[in-house]
Amino acid sequence: VGAGSGTSREIDWTWDAATVPKGQYRWTISAAEAVRPATGTVGAKPVVLSIRSAVASPRTITPNGDGQTDSSLISYTLSAPATVTATLRAPDGRQLAVLFSQSRRPGKQSFRFTAAGIPDGRYEIVLSATDGTATVTTVVPILVDRTVRRFVATPSAVSPNADGVLDDLSFSFELTRAASVRLDVARAGKTIAPVYSANLGVGSQTVAWNVSGVKDGKYAGVLIAANDIGTVTHTALFRIDTIPPRLRALSFRRLRFTVSEPATVRLTVNGRRITRAVRAGSFGFSIARVRTVHITASDAAGNVSQTLRYP
């Protein structure tokens, strides 16, 4: 790709590489047989264009506006600069829409797929990258399934201590089409209790679960619905908490207190009632002159602290 020659004790030659492709090149300077040649390389080996680790999270979306898995984050890694085009394709190969076509730098990339106006069914997101010389393609499968709407656990925090306040837990959801449904309770990804299973039709459903005897902690209701569209999984988080918040007075005269967890504080000072939501830690109130104090704290599960009084 380049050559020069001459006679001298010193060598100073400039190679104009403007017209050659990017890559790694080897150079050699040689003279008479009695002179040892000099060799080396210049440039770098070209990076092969590729799309790696393309995934959809989650793989199944329910774009019905209920705030639960309404969209999917499509992520991938690009090895070299390229123009990336994302298209939505039906399983039979028909191209349905071009999602975008833009230049991208090497590295991790992502975009959000909302499936607005897309009917339920199985689809493929095709990612194609080209650098002008090579073109590579990868396919990410995705399922659009609006079978389940508004799966929630009520209340989100429960205290099964038979005090009549937030003792019971129920799960509610709505089916937009008939499905085979299974509902379990899991903790740290492991199923601890089967709750309900049935073949259900369209409409709203409510399932009660007896939480008595279950240890305090964070749990998830896991709802799996299957039909001819596919299988979709929804989760609803809740917490079991039977321990009251610990409320302590730092100074009654200054109305400074501390609480062990987020709580709703009910204060009666000088006969005046004040209710405030506070975070865990210290908090206070501004009252010029304090004569009498009556204060309690209740957490999200309805547990009430010991009452503090002054004087």
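A: The largest nonpolar core has 25 residues, and V148, F151, F171, F173, V181, W209 and F238 touch the most other members. A nonpolar core here is a set of buried Ala, Val, Leu, Ile, Met, Phe, Trp, Tyr and Cys residues joined through side-chain atoms within 4.5 Å. Buried means under 20% relative accessible area, exposed over 50%, and partly exposed in between, using a 1.4 Å probe and protein chains only. Please keep in mind that this is a predicted model, in which local features need pLDDT of at least 70 and side-chain atom pairs count only at pLDDT 80 or more, while totals for chains, interfaces and linings use all residues. Residues are numbered from 1 along each chain as its sequence is written, and side-chain values use heavy atoms, with hydrogens and water left out.

At least two residues of this core come from each of β11 (148-154), β13 (169-175), β14 (179-187), β15 (190-200), β16, β17 and β18. Strands are DSSP runs (E, at least two residues), numbered from the N terminus. Let's zoom in on F171. Leaving aside neighbours within four places in sequence, F171 is in contact (heavy atoms within 4.5 Å) with F151, V152, A153, L183, V185, Q205, T206, V207, W209, G221 and F238. Elsewhere there is a second, separate core of 24 residues, which includes V84, F100, I125 and I142.

Now for the rings. The whole structure holds 11 aromatic pairs. Rings of Phe, Tyr and Trp (its six-membered ring) pair if their centres lie within 6.5 Å; planes under 30 degrees apart count as stacked, over 60 as edge-to-face and the rest as tilted. W209 and F238 have ring centres 6.2 Å apart and planes at 70 degrees, so this pair is edge-to-face. W209 sits in strand β16 (residues 203-209) and F238 in strand β18 (residues 231-240), so the pair ties together parts that are 29 residues apart in sequence. Both W209 and F238 are buried. F238 also pairs with Y219: their ring centres are 5.8 Å apart and their planes at 15 degrees, so these two are stacked. Y219 belongs to strand β17 (residues 217-226) and F238 to strand β18, so here the linked parts are 19 residues apart in sequence. Y219 is buried too, as is F238. Together, F151, F171, F173, W209, Y219 and F238 make up one aromatic cluster.

The structure holds nine salt bridges, each a side-chain nitrogen of Lys or Arg within 4 Å of a carboxyl oxygen of Asp or Glu. One of them joins the side chains of E174 and R150 (2.7 Å, N to O). E174 lies in strand β13 and R150 in strand β11, so the bridge ties together parts that are 24 residues apart in sequence. R150 counts as partly exposed because its relative accessibility is 42%. D184 forms another salt bridge, with R182, their closest N and O atoms being 3.1 Å apart. At 9% relative accessibility D184 counts as buried, whereas R182, at 40%, counts as partly exposed. Finally, salt bridges with shared partners join D120, D145, R146 and R177 into one network. Within it, the side chains of D120 and R146 meet at 2.5 Å, N to O, and both residues are buried.

Notes: Helices (H or I, at least four residues) and strands (E, at least two) are DSSP runs, numbered from the N terminus.
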